[in-house]
Amino acid sequence: MPLPFLTADRDGAATDVATGTAVSPPREAPEDMYESRHRWRRPYHPGPLRVGGTAVVLLLAACVLFSGVIIALAGSLPGAGVCAAVAALLITIAVRLVRTGIWVGPKGLRQLSLLSGTTLPWADVAGVRTVQQPVRLLGLPRTVQGQVLVVERTQGTALPALVSDRGADFLGRPRAFAEAGLAVEDQVAEFKG
């Protein structure tokens, strides 16, 4: 039974490998196109340290849940409830940890940290730029010289620096930080323009 695998040609057209005939590429459904233009998105990918830290927190949550099941089978339901609550807290922390960063959407710019978030409408965003300044190394109290992505407001002070080249997303990856800074600046220019 032949399977209709598609391969991309150099001119952008697709061909069916089994028959060798040209096939049009699948189109996005109209509701998918609408949704992708009207939702929040991060213009860069989370870094390996952030993803690894989140995986460790989720692994810890799984261990706590497993302990809760063992405790429940032993007959101590209040202890199992405590384990379930701790696991839910760890899962919430893991989700917040992986969502930390700068997000853009049609309504404005959103900066999320582990415990809080700030959303600015596009009218309040003056611009985004990369600045050389002392930054926290992996969010710890120790500061080192580095680059940070600063969101400037039209009125008032800039938002606290959240995305830096010494953070969990870009530590040891200066090129990725530069590309992410350009991507955020392009998204801001696209939505403000």
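## Helices and strands

The protein chain of this predicted model contains four helices and nine strands, where helices (H or I, at least four residues) and strands (E, at least two) are DSSP runs numbered from the N terminus. Followed along the sequence, these elements come in the pattern β-β-β-α-α-α-β-β-β-β-β-β-α. Residues are numbered from 1 along each chain as its sequence is written, and side-chain values use heavy atoms, with hydrogens and water left out. Because the model is predicted, local features need pLDDT of at least 70 and side-chain atom pairs count only at pLDDT 80 or more, while totals for chains, interfaces and linings use all residues.

## Surface and contacts

Of the 193 residues in the protein chain, 28% are buried; buried means under 20% relative accessible area, exposed means over 50%, and partly exposed lies in between (1.4 Å probe, protein chains only). The accessible surface of the protein chain is about 12,300 Å², and 63% of this surface belongs to carbon and sulfur atoms, with areas taken from the Shrake-Rupley method with a 1.4 Å probe, counting for residues only the protein chains shown as cover. Among contacts (heavy atoms within 4.5 Å) between residues at least 6 apart in sequence, 49% join residues at least 24 apart.

## Nonpolar cores

In soluble globular proteins, nonpolar side chains tend to be buried together. A nonpolar core is here a set of buried Ala, Val, Leu, Ile, Met, Phe, Trp, Tyr and Cys residues joined through side-chain atoms within 4.5 Å. The largest such core has 18 residues, and Ile-102, Leu-109 and Val-151 have the most contacts inside it. Strand 4 (101-105), strand 7, strand 8 and helix 4 each supply at least two residues of this core, and the largest share, five residues, comes from helix 4. Another core, of seven residues, lies apart from the largest one and includes Val-57, Val-64, Cys-83 and Leu-90.

## Helix 3

Helix 3 (residues 77-99) has 23 residues and should span 33 Å at 1.5 Å a residue, which agrees with the 33 Å between its end C-alpha atoms; the expected span is 1.5 Å times one less than the number of residues. Within helix 3, Ala-80, Cys-83, Ala-87, Leu-90 and Ala-94 are buried, and the buried residues of helix 3 pack against helix 2. Just after helix 3, Gly-101 takes a positive phi of about 145°.

## Salt bridges

Side chains of opposite charge can pair when their charged atoms come close. The structure holds three salt bridges, each defined as a side-chain nitrogen of Lys or Arg within 4 Å of a carboxyl oxygen of Asp or Glu. In one of them, Asp-169 pairs with Arg-50, with the closest N and O atoms 2.8 Å apart. This pair links distant parts of the chain, since Asp-169 lies in the loop between strand 9 (163-164) and helix 4 (174-192), whereas Arg-50 lies in helix 2 (residues 48-74), 119 residues apart. Asp-169 counts as buried because its relative accessibility is 5%, and Arg-50 counts as buried at 11%.

Glu-152 is partly exposed at 23% relative accessible area, and Arg-129 is partly exposed at 41%. Glu-179 forms a salt bridge with Arg-175, their closest N and O atoms lying 3.2 Å apart; both residues are in helix 4, four residues apart, about one turn of the helix. Glu-179 is partly exposed, with a relative accessible area of 46%, whereas Arg-175 counts as exposed at 65% relative accessibility.
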